[in-house]
Amino acid sequence: MRTQRILLLVPLFALCLKMASAGQGAGSVGGKVTVEGVTVMAKTINMSSEPGCAKMYSTPPKSEDLVVGPGSALENVVVYISAGAPDESSAPTQPVTVVQKGCRFAPHVVAMQTGQPVQMVNEDSTSHNIHPLATNNREWNKAEPPGTTPLTESFARPEFISVKCNVHPWMHAYFAVLKTSHYAVTGDDGAFSLKNLPPGKYTLTAWHETLGTQTQEITITGNETVPVNFTFKR
């Protein structure tokens, strides 16, 4: 009977050790990105050359190169670990998706890992094309007529890539290709959170397409959440 109890307790003890080990280093960093400076009104997009898309909006849409939410929160900022993170063994096989709808790219900024597939879907009744202006990766330009099978591509090296549609000059997006899985893209509240960081020293970078880049050094010692905020100026 005693032997049976010991045999039952051994795997339970091993599981407890595994859980304790997993808990160690499950640190995180989180905060908010804001912007200071003179208010700049977003430009109105003129879609008169594409009536099928223009009629999808009750009011003309605005450009997304500088989107400021309540409390000066800054949207579309990529916050990521740029140094100190362990190497990733492989890229996710689940693709990220970019949709062309209303003659716009959605989301405007999409982040992915190197080697991870990105799937591009045309939901409009008009033709588009995808033209990533890569410099550290292969540049390509592919047409995507309405109703066609979604395009799927990937990028082998880290890079922030400007993407355009040659058919509609106002259509613009960014692909943030990163070598780490520790990243976030801010929404209208400007908030971000990066989890599951083992103990160590890291460089945290915040990138915005028009306001540039900021970095901060952080240290994770255990299970704590390190508060970090970024403030851009314009």
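**View 1. Cys103 sits in the loop between S3 and S4.** Strands such as these are DSSP runs of type E with at least two residues, while helices are DSSP runs of type H or I with at least four residues, and both are numbered from the N terminus. Cys103 has a positive phi of about 55 degrees, although it is not a glycine. Is Cys103 buried or exposed? Cys103 is buried, because its relative accessibility is 0%, and buried means under 20% relative accessible area, exposed means over 50%, and partly exposed is in between (1.4 Å probe, protein chains only). This is a predicted model, so local features need pLDDT of at least 70 and side-chain atom pairs count only at pLDDT 80 or more, while totals for chains, interfaces and linings use all residues. Residues are numbered from 1 along each chain as its sequence is written, and side-chain values use heavy atoms, with hydrogens and water left out.

**View 2. Cys53 and Cys103 form a disulfide.** A disulfide is a covalent bond between the sulfur atoms of two cysteines. Here the rule is a pair of cysteine sulfur atoms within 2.5 Å, and the count comes to 1 disulfide. The sulfur atoms of Cys53 and Cys103 are 2.0 Å apart. The link of Cys53 and Cys103 is right-handed, with 65 degrees about the S-S bond. This pair links distant parts of the chain: Cys53 belongs to helix H2 (residues 51-54), Cys103 to the loop between strand S3 (96-100) and strand S4 (105-106), and the two are 50 residues apart. Cys53 is buried as well, with a relative accessible area of 3%.

View 3. Cys165 counts as buried because its relative accessibility is 1%.

**View 4. His128 lies in strand S7 (residues 128-132).** With 1% relative accessibility, His128 is buried. Which side chains make polar contacts with the side chain of His128? One is the side chain of Asp124, at 2.8 Å, and another is the side chain of His168, at 3.1 Å. A polar contact is a pair of N or O atoms within 3.5 Å; within protein, one must be able to donate a hydrogen and the other to accept it, and residues adjacent in sequence count only if both atoms are side-chain atoms. Leaving aside neighbours within four places in sequence, His128 is in contact with residues including Cys103, Cys165, His168 and Met171, where contact means heavy atoms within 4.5 Å.

**View 5. Glu153 is found in strand S9 (residues 151-153).** Glu153 is buried, with a relative accessible area of 12%. Its side chain makes a polar contact with the side chain of Lys142 (2.3 Å) and a polar contact with the side chain of Arg138 (3.2 Å). Not counting residues up to four places away in sequence, Glu153 touches several residues, among them Gln116, Pro117, Met120 and Trp140.

**View 6. The largest pocket has Cys103 in its lining.** Rolling a probe the size of a water molecule over the atoms shows where empty space is left. On a 1 Å grid over the protein atoms alone, a pocket is an open set of points where a 1.4 Å probe fits, with protein on both sides within 12 Å along at least five of seven lines, and lining residues have an atom within 4 Å of a point. The volume of the largest pocket is about 190 Å³, counted as the space filled by probe spheres set on the points. Its lining also includes Ile45, Asp65, Phe105, His108 and Trp170. By class, the lining has 6 nonpolar, 3 polar and 3 charged residues.

**View 7. Ala106 and Pro107 are joined by a cis peptide bond.** Pro107 lies in the loop between S4 and strand S5 (109-113).

**View 8. Val185 lies in strand S12 (residues 183-185).** Val185 counts as partly exposed, at 31% relative accessibility. Val185 and Val110 are 75 residues apart in sequence and 7.6 Å apart in space, C-alpha to C-alpha.

Notes: Ala, Val, Leu, Ile, Met, Phe, Trp, Tyr, Cys and Pro count as nonpolar, Asp, Glu, Lys and Arg as charged, and the others, Gly among them, as polar.
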